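Please look over the sequence and the structure below.

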Amino acid sequence: MDGLRPLNMAPLDVWAQLNSDPYTALVDVRSHAEWTFVGLPDTTSVGRKTYPIEWRAFPGMALNSAFVDQLTSQLGETVPKTLFFICRSGARSMEAAMTTAAALADRGQEVTCINVAEGFEGDLDAAGHRGSVNGWKVHGLPWRQG
């Protein structure tokens, strides 16, 4: 996967690009439990769909070996030129972005895969809690309860 390490982009910059570039999509790689109890980014106001596809399944966090196939199936025949990947804090989404970039390159598809830095809930604060330091929600970007 050398040379395929995805870029990191801050949530506000991701939102701006989703708003201005119709050839982009947001992929939420968190678990069903996270979507249900924590919420999902809401990109409908900029005419985009958020694609929730588990990268690792809760509770054992087993890798979803069908992830890329599920993603391409949901995206349909035309894969956007830029895919943004988001998880809780940015670790799983980086892993998913790297793997997806490699898999799509192997299929002959040129897609830029970008990790949403800070993730949906952001980094831990001094008390060990998420949701107050940074991340999609802290920046006031649209989201909805799953």
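The structure holds zero disulfides, a disulfide being a pair of cysteine sulfur atoms within 2.5 Å. Cys87 is in no disulfide, and the nearest cysteine sulfur, that of Cys113, is 14 Å away. Cys87 has a relative accessibility of 1% and is buried. Cys113 is buried too, at 4%. Buried means under 20% relative accessible area, exposed means over 50%, and partly exposed lies in between, with a 1.4 Å probe and protein chains only.

This is a predicted model, in which local features need pLDDT of at least 70 and side-chain atom pairs count only at pLDDT 80 or more, while totals for chains, interfaces and linings use all residues. Residues are numbered from 1 along each chain as its sequence is written, and side-chain values use heavy atoms, with hydrogens and water left out.

The protein chain contains four helices and nine strands. Here helices (H or I, at least four residues) and strands (E, at least two) are DSSP runs, numbered from the N terminus. Their order along the sequence is β-α-β-α-β-β-β-β-α-β-α-β-β.

How does the radius of gyration of the protein chain agree with that of a compact globule? For 146 residues, a compact globule would have a value near 15 Å, and the protein chain has 14 Å, which agrees. The radius is taken over C-alpha atoms, and the globule rule is 2.2 Å times the number of residues to the power 0.38. The C-alpha trace spans about 45 × 35 × 30 Å along its principal axes. Of the 146 residues, 47% are buried. A contact means heavy atoms within 4.5 Å. Among contacts between residues at least 6 apart in sequence, 67% join residues at least 24 apart.

The protein chain exposes about 7,300 Å², and carbon and sulfur atoms supply 51% of this area. Such areas come from the Shrake-Rupley method with a 1.4 Å probe; for residues, only the protein chains shown count as cover.

Leu104 lies in helix α4, which covers residues 91–106. Is Leu104 buried or exposed? Leu104 is buried, with a relative accessible area of 1%. Leaving aside neighbours within four places in sequence, Leu104 is in contact with Val68, Thr72, Leu83, Gln109 and Val111. The C-alpha atoms of Leu104 and Val79 are 9.7 Å apart, although 25 residues separate them along the chain.

Ser93 also has its place in helix α4. Its relative accessibility is 0%, and Ser93 counts as buried. Not counting residues up to four places away in sequence, Ser93 touches several residues, including Val29, Phe85 and Asn115. Cys87, one of the two cysteines described above, is also touched by Ser93.

Some backbone details remain. The peptide bond from Phe58 to Pro59 is cis, with omega near 10°. Pro59 sits in the loop between β5 (56–57) and β6 (62–63). Met61 is in the loop between β5 and β6 as well. Phi of Met61 is near 60°, a positive value in a residue other than glycine. Met61 is partly exposed, with a relative accessible area of 28%. Glu118, which is not a glycine, has a positive phi of about 80°. The place of Glu118 is in the loop between β8 (112–116) and β9 (143–144).
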